[in-house]
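Dear colleague,

I am handing over the structure we spoke about, and below it you will find my notes on what turned up in it. Please read them with the coordinates open.

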Amino acid sequence: MAKKCNIVLIVSDDHGREALGCYGNPAIATPHIDALAADGTRFTNAFCTTSSCSPSRSAILTGLHNHANGMYGLAHDCNHFACMDSVVTLPARMKSAGYRTGRAGKKHYAPDKLFSFDFALPENHIDRDDVRMANDCREFVELDEPFFLYWASFNPHRGGGVVEAHPCKPNRFGNPSESYPGDAERIYSDEEVIIPQFLNDIPEARAELAQYYQSISRLDRGIGRLIEILKETGKYDNTLILYLSDNGAAFPASKTTLYDPGMQLPCIVKAPEHEVSGLASDAMISWVDITPTILDFAGVLPENSCQFHGESFRRVIGKESPEDWRTEVYGAHTFHEVTNYYPMRIVRTKTQKFIWNIAHPLTYSSAFDLWHSATWQAVLRDQSEMLGGRRVQAYLHRPQFELYDLENDPRELINLADRNEYKKDVRDFCEKIKRFQKETNDPWVHKWDYE
């Protein structure tokens, strides 16, 4: 019998792919994630199902869209969303498959009883020290194989208040006032950062991006240390490693939206069996594919594929442009915080995106940390008409349908849904979303008939 591979699933918190060296950003230092990409496959069409922490993690760890597993919004505090008791999670399946299971870092799922691990570090025992978090996993890694490790950094999520000495008062993004022991912070100047197209080039955005970059570089060093431990213990070659983010960057027009900055994310896979490395694949990957893919590598993928809304993408790892693979992915956002009700369903192909804003008469609701950000407050204070290339009023007040030609309008700025020549496209996409909702038991499918 072939030896089972170890599996490490690395999930960062709010890391947009525009802030990664291997995805084309020369200003940010991410040498360890870049090296992992050079040793594996970097997916360029990888998408979360919803750009919100707990719902996205629920899809990653169950293979089910959040509207089907019950995690409609955030798990913590008064938000109080949780997976249904009937859901079987990835750690439970891996334990049943004979794997030792471990967790380090952020949970942000519920209820705990469904996400049981053999080994678990206390969630907040090290703050944002990812190098230490990697070191604290060494004992787990050194023990018998096979093992499954869910390594979930808190970086680069917003946190830690504001940098009071800075005139623009940017959020600290969890950055410490001095380096953690055994690590050295990478500090960025406001001038170094690259303004993504979805933001305005203003001092507040630059100041916050500098803090954001610093948090990402600390994440990268933690990943580098974890990989170093795998190599030191002789486990690296027989370990499947997946790197991804739960959703896009915690900036306006990214996180909590289903525009591409919020949902088109990094996905890097280093698989023991694949000899091709350093390859970029344009296969369309969804976060509901993560659980079935891991189970496939573990040799326990159920034959009844309808248990999941995704499928294993094992066969397209190492393939640049596979022809026998899906041509579209779906997304479903309903809540972020319990007060942020803005349900959306989307279908995204390589050339088009269609969004159904189910409660479109509502003003788009901003997450608490995004509304308080220096970047968004500057837009409000200066009464800016634009956010990136999008009108602020169009960002806040959205129509029922949005249709974008991604080949000619990759920034998703020109809505074609009301144009006569696209009426058939709108009808076809509506039918696709209805079918998707029925197949995934989406409670919001009745909105087509009743509202």
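**Aromatic pairs and a buried asparagine**

With a relative accessibility of 1%, Y150 counts as buried, and please bear in mind throughout that the model is predicted. The ring of Y150 is paired with that of F117, and because the centres are 6.3 Å apart and the planes are at 10 degrees, the pair is stacked. This pair links distant parts of the chain, since F117 sits in the loop between β3 and β4 whereas Y150 belongs to strand β5, 33 residues apart. F117 is likewise buried, its relative accessible area being 11%.

In total, the structure holds 23 aromatic pairs. One of them joins F43 and F313 edge-to-face, at 5.4 Å centre to centre and with 75 degrees between the planes. F43 lies in strand β2 and F313 in the loop between α9 and β9, so this pair ties together parts that are 270 residues apart in sequence; both F43 and F313 are buried. Elsewhere, ring pairs link Y72, F81, F335, Y341 and W444 into a cluster.

Two charged side chains also lie over ring faces: R42 over that of Y23, at 5.1 Å from the ring centre, and K231 over that of Y236, at 4.8 Å from the ring centre.

Finally, N66, which lies in helix α3 (residues 66-69), is buried with a relative accessible area of 0%. The side chain of N66 reaches the backbone oxygen of M71 at 3.2 Å, and, leaving aside neighbours within four places in sequence, the contacts of N66 include T50, P55, Y72 and A332.

Methods. Residues numbered from 1 in each chain as written. Predicted model: local features only at pLDDT ≥ 70, side-chain atom pairs only at ≥ 80, totals over all residues. Heavy atoms only, no water. Helix = DSSP H or I, 4+ residues; strand = E, 2+ residues; numbered from the N terminus. Buried < 20%, exposed > 50% of the residue type's maximum accessible area, 1.4 Å probe, protein only. Polar contact = N/O pair within 3.5 Å; in protein donor to acceptor, adjacent residues only side chain to side chain. Contact = heavy atoms within 4.5 Å. Phe/Tyr/Trp six-rings, centres within 6.5 Å; stacked < 30°, edge-to-face > 60°. Lys NZ or Arg CZ within 6 Å of the ring centre and 35° of its normal.
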